[in-house]
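Me: I'd like to learn how to read pockets in a protein model. Can you walk me through it?

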Amino acid sequence: MKHKVMGVINLIHETDELERLTQGRCLATVPFGARYRLIDFVLSSMVNSGISKVAVFAHTKYRSLMDHLGSGKHWDLQHRQSGLFVLPPATDDIQEISRGDLYHFYQQRDYFNRSTLDYVVITRSHMVCNIDFEKVIQFHLEQEADITVVCKKQEDLLTGKARKVMMDEDGRITAIQDHYGRMSSDVSSMEMYVMRKDLLMELVETSLAQGQDHLVRHAIFSRIDKLRVFGYMYEGYLGVVNTITSYYRNSMNLLQPDVWKELFYQPGPIYTKVKDEPPARYLGGSKVTNSLIANGCRVEGTVVNSILFRGVHVQKGAIVKNSIIMQNGVVGEDSFIQHSILDKDVRVEADRDIRGADSAPFLAGKRKII
Amino acid sequence: MGRKEMIAMLLAGGEGKRLGVLTRDLAKPAVYFGGKYRIIDFTLSNCAHSGIDTVGVLTQYQPLELNRYLGIGSPWGLDRRDGGMTILPPYVKQKGGVWYKGTANAIYQNMAFIDRYNPEYVLIISGDHIYKMDYELMLEHHKRSGADVTIAGIEVDWKEASRFGVMHIDDEDRITAFEEKPKNPTSNIASMGVYIFTWSQLQKYLIYDEANRSSNHDFGKDLIPAMMKDGKNLYCYSFKGYWKDVGTIESLWEANMDLLADEPPLELSDESWRIYSVSPNQPAQHVGASAVISSSLITEGCLLEGEINRSVLFYGVKAEKDSFISESVVMPNVRIGEGARIYRAIIGEGAVIQAGVTIGSPDDDTITVVAVDQYVTNDHLLQEVEHS
């Protein structure tokens, strides 16, 4: 990237209503799209935009995060001078751990101050999209903005929860409200903020001095009149994934070839941890329609409108419909599964009948045996 | 630098002439195989699983794509500080440079590389074969028998034996006779082209062989017979398992079809022996509403609307509505237009098969090959498609 930009993926207090899916992992590492984790989308976007230094502010349940990200080499973030930095809370005090993101940014202020990069792009992990941040920076400079917020005009967020944004004709943001607010606007904040690093550090210090420790709610909301805050309209596919229904419905959207082509390829590819699974095997008698199948799967039964993650085995006579089966799941012979989400390593024995509803899919936790 | 017990020298300079258009711009080890691999992935993964962390890859013919693919060896765990993968192309020395004249000469020219690690044993392998083999077990056999060289051998069909170097062995696996590509083979134990040499012996014979002007500088033709003649200890390590030389269009096609059996002779999903390869970073395959798929092996990034039966599809293949693919190998990023029909074919990377085109025939046993990046229309079919 021409401009000197660092990425910050902020996992502190992300809205998370994914129930059992986040029981043992953070939102960022929830499996999504047959082979990815939620964080892969924003991380790949940053890398494809030429950002080569990314800090992930881990907060809680981050074992799976460390495991997934490793050294960052799968995202080409293993460099001598830059690369990937996972920063867990720098305190062991429970009270302090639960404080807001500004507090944690402050704890890691050395990380920011030592860097020679001028701009920061701060994002969350649950906005599933494929975005070119270079364009956002360009917009930021053209508008001479203090802060640019990436926004999306979308009437139905499929129950995903996002802040609402109000803008004037010039694109200047006049109000931001939490998702439960009563403001009527079909523009949502994608929780992606671009600003100079100096401004971020200034916001961190002044807000904390006033006893405020949340970036958006405190530092930005309260200065919306004083700062030039602009909205950049993102045009690509967006899935706000922080509730079970939004997880399910955004997953099912991937079955539309147009969404698949756009989200996974435009403007750049999405990277993830490489697993070296062999190609998927379809045996004689398998019937698969309108589905996403990852490598390492072995399909002997019927799969309709479903998503199979890597290494899933659908045995003879089994029928999987409108469902999501995560890594290494096994569906036993002659079992029937509909409207269900099975977490990793779930084993469905033979002759089982599992039915959820479209509006409330059945959810099985990791390693469950049914 | 620590001394290594055994290092591997991987011969990857093969031109693969008999693969025709598939190796026009590509060394044979870089040819695609099995839905997501290249041929060389198998030997490199064998090294990784056999605890070999130092591999010299000898390249010569069309190395560009192969070098790019191998990189610094990360996918095979060979990006090491001490050892790892080193690409060894022929190079210019003080007295001028020469191509590798034969397999033995290729090793001879890189003796300085081997000496750097001062190994006790050297494993010589080639990047042309499909098999899963634990070289550590072979090394144990080598040490136990006190051999100067151990040659991996496999029983082949008598009909095929004349294509290989064949060995006669006694009850203790000692090689009593060795013939390179005999017209009338008297044994069906074929050399797999996998050798473990005690380095001091190999060194000696490489120098002898280099000085011999009438030599072809080839392991099978010259070096092994010379050791045989001198009464050295040559042993055979009998390998039981799947092994295939995919040097021809027919064998490449057959080896791909072998993977489609319900119980394939070569299991790719064996978790303890994963075949590593460079990830193409593609999303999960999208099987469309009109797709019908059976008995096939299909990789990420495919977008399928057609009917696919007994075929191997690499990443990024697009098969449109009403297309039909049967008993074929379709390499990466091929586009198959609406209503196109493909029987018994190998379609090279990036080829485009226009709507309505038919390739091959359901009643014909020959295998049709479409070259890399070929654009096939009904009008150009005869010129553009090469029959093997």
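This is a predicted model: local features need pLDDT of at least 70, side-chain atom pairs count only at pLDDT 80 or more; totals for chains, interfaces and linings use all residues.

Me: Got it. What shows where empty space is left?

Reply: The general idea is to roll a probe the size of a water molecule over the atoms. In this case, the largest pocket holds about 1200 Å³ of space. It is lined by 38 residues, and those closest to the centre are Gly14(B), Thr103(B), Asp128(B), Lys181(B) and Asp218(B).

Me: Which elements give two or more residues to that lining?

Reply: In chain B, look at helix 3 (103-108), strand 11 (189-198), helix 7 (219-229) and strand 13 (243-245). Strand 11 of chain B gives the largest share, with 4 residues.

Me: OK, on to the second largest pocket. How much space lies in it?

Reply: About 900 Å³. There are 28 lining residues, and closest to the centre of this pocket you'll find Lys73(A) along with Ser74(B), Pro75(B), Val278(B) and Ser279(B).

Me: Which element supplies the largest share of that lining?

Reply: That's helix 2 of chain B, with 3 residues. Helix 2 spans 63-70, and both this helix and strand 3 (37-38) of chain B supply at least two lining residues each.

Me: How do the residues of this second lining divide by class?

Reply: Here you get 13 nonpolar, 8 polar and 7 charged residues.

Definitions and conventions: Residues are numbered from 1 along each chain as its sequence is written. Chains are lettered from A and ligands numbered from 1 in the order in which they are written. Side-chain values use heavy atoms; hydrogens and water are left out. On a 1 Å grid over the protein atoms alone, a cavity is a set of points where a 1.4 Å probe fits but cannot get out, and a pocket is an open set with protein on both sides within 12 Å along at least five of seven lines; lining residues have an atom within 4 Å of a point. Grid points are joined across faces, edges and corners, and a volume is the space filled by probe spheres set on the points. Ala, Val, Leu, Ile, Met, Phe, Trp, Tyr, Cys and Pro count as nonpolar, Asp, Glu, Lys and Arg as charged, and the others, Gly among them, as polar.
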